[in-house]
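Here's a quick tour for anyone meeting this protein for the first time. Have a look at the model, then read on.

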Amino acid sequence: MVVGIRIHGRGGQGAVTASRLLATAAYYDGKFSQAIPMYGTERRGAPVTAYVRVDDVRVRERELVHTPEIVMVLDPLLSTRQTMADDMAEGGLLLLNAAYPPEEVKTGGNIRVATVNATNIALETLRRPITNTAILGAFAKAVGWPKLESIEKAIRKQFSGRIADMNVEAIKRSYDECSEVIPAPVKIAGESEAIAVGGYGVLKDVSSWRVFQPVIDMDKCTGCKNCWIYCPETAIKWTDENKPEIEWRKCKGCGICVNECPVGAIEFKRVEIKNE
Ligand code: SF4
Ligand code: SF4
């Protein structure tokens with residue numbers, strides 16, 4: 001069964017690296033996985049969100065994870081915000097970087113919570129408040145996968161030498177120091193506000209990213225909606241004539257729709273660059 005994970009952090013805490021390490025470790029466990037970074041304003045300290053999907057079968061969906069089964073929060077201040085638990089699946093797990101036990105968590109809902117003092121672990125193992133690996137061990141403990149050896153293997157693929165050794169120490173400590181998983185002590189608490197994430201085509205004009213662009217042959221198109229389902233940017237609209245239509249502002253030219261069309265109705269054509 002597919003498991004969707006949302007990771008919150010701030011620029012500099014390694015949320016995107018955490019998503020990659022988690023997806024790689026799940027792959028080493030024999031699962032299929034996908035890491036989806038979400039870049040907004042890229043600067044140290046700005047809220048960053050990343051997503052991971054893990055399944056027993058090939059992951060074909062490329063949308064963001066909208067109802068995560070697991071939310072992992074790398075930043076202690078963000079850990080106090082109710083918005084982190086918003087949109088979680090019923091019974092989901094909220095893993096917080098917090099210096100207090102789960103009984104004192106004020107972020108609520110029909111979910112379970114666990115805490116680990118990842119900032120402390122990071123400062124003592126890495127000498128920096130980079131909390132991504134200092135929370136991944138706790139993830140393995142609280143969730144039951146991936147195996148600690150798989151996370152270590154993923155870390156040694158990403159880093160080398162002393163840096164890798166320090167990060168491996170961080171995951172082991174975080175595994176040992178993770179709290180118990182308990183039902184959230186409060187049902188809902190505090191003000192809820194929208195999660196500040198950046199965006200790709202949904203929020204920005206990404207038309208300048210295209211080197212190739214999809215061109216749909218409407219005579220061949222059967223209206224199966226595959227392209228509409230699999231476009232990661234929701235760049236394909238559905239018309240009253242039951243046909244797809246591309247919103248060019250949102251299309252980044254990834255070519256996924258071309259691959260997913262079962263009847264070869266979408267051609268990938270080189271964008272003409274005008275030197276004006
Ligand atoms: S190339 Fe296709 S799948 Fe990719 S963004 Fe454009 S419309 Fe969507
Ligand atoms: S995937 Fe191909 S056949 Fe299906 S709606 Fe899109 S263009 Fe048409």
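What follows is a short briefing, grouped by topic.

This is a predicted model, where local features need pLDDT of at least 70, side-chain atom pairs count only at pLDDT 80 or more, and totals for chains, interfaces and linings use all residues. Residues are numbered from 1 along each chain as its sequence is written, chains are lettered from A and ligands numbered from 1 in the order in which they are written, and side-chain values use heavy atoms, with hydrogens and water left out.

**The big picture**

- The protein has 7 helices and 11 strands (DSSP runs numbered from the N terminus: H or I of at least four residues for helices, E of at least two for strands).
- Of its 276 residues, 48% are buried, where buried means under 20% relative accessible area, exposed over 50% and partly exposed in between, using a 1.4 Å probe and protein chains only.
- Take the contacts (heavy atoms within 4.5 Å) between residues at least 6 apart in sequence: 64% of them join residues at least 24 apart.

**How confident is the model?**

- Mean pLDDT, the predictor's confidence in each residue from 0 to 100, is 87 for the protein, and 88% of residues reach 70 or more.
- Residues 193–200 have pLDDT below 50, and this stretch has 28 contacts in the model beyond near neighbours in sequence.

**Around the ligands**

- Ligand 1 has Pro214, Cys231, Pro232, Ile236, Cys251, Lys252, Gly253, Cys254, Gly255, Ile256 and Cys257 around it, each with a heavy atom within 4 Å.
- That shell splits into 8 nonpolar, 2 polar and 1 charged (Ala, Val, Leu, Ile, Met, Phe, Trp, Tyr, Cys and Pro count as nonpolar, Asp, Glu, Lys and Arg as charged, and the others, Gly among them, as polar).
- Ligand 2 is surrounded by 13 residues, and Cys221, Cys224, Lys225, Cys227 and Cys261 are the closest.
- The shell around ligand 2 has 9 nonpolar, 3 polar and 1 charged residues.

**Where H1 meets H3**

- Thr17, Ala18, Leu21 and Leu22 of H1 meet Asn132, Thr133, Leu136 and Phe139 of H3.
- This contact of H1 with H3 brings together 5 nonpolar, 3 polar and no charged residues.

**A look at isoleucine 121**

- Isoleucine 121 sits in helix H2, which covers residues 118–125.
- Isoleucine 121 counts as buried because its relative accessibility is 0%.
- Leaving out residues up to four places away in sequence, isoleucine 121 touches Val116, Leu126, Ala134, Ala170, Arg173, Ser174 and Glu177.
- Isoleucine 121 and arginine 173 are 52 residues apart in sequence, yet 7.0 Å apart in space, C-alpha to C-alpha.
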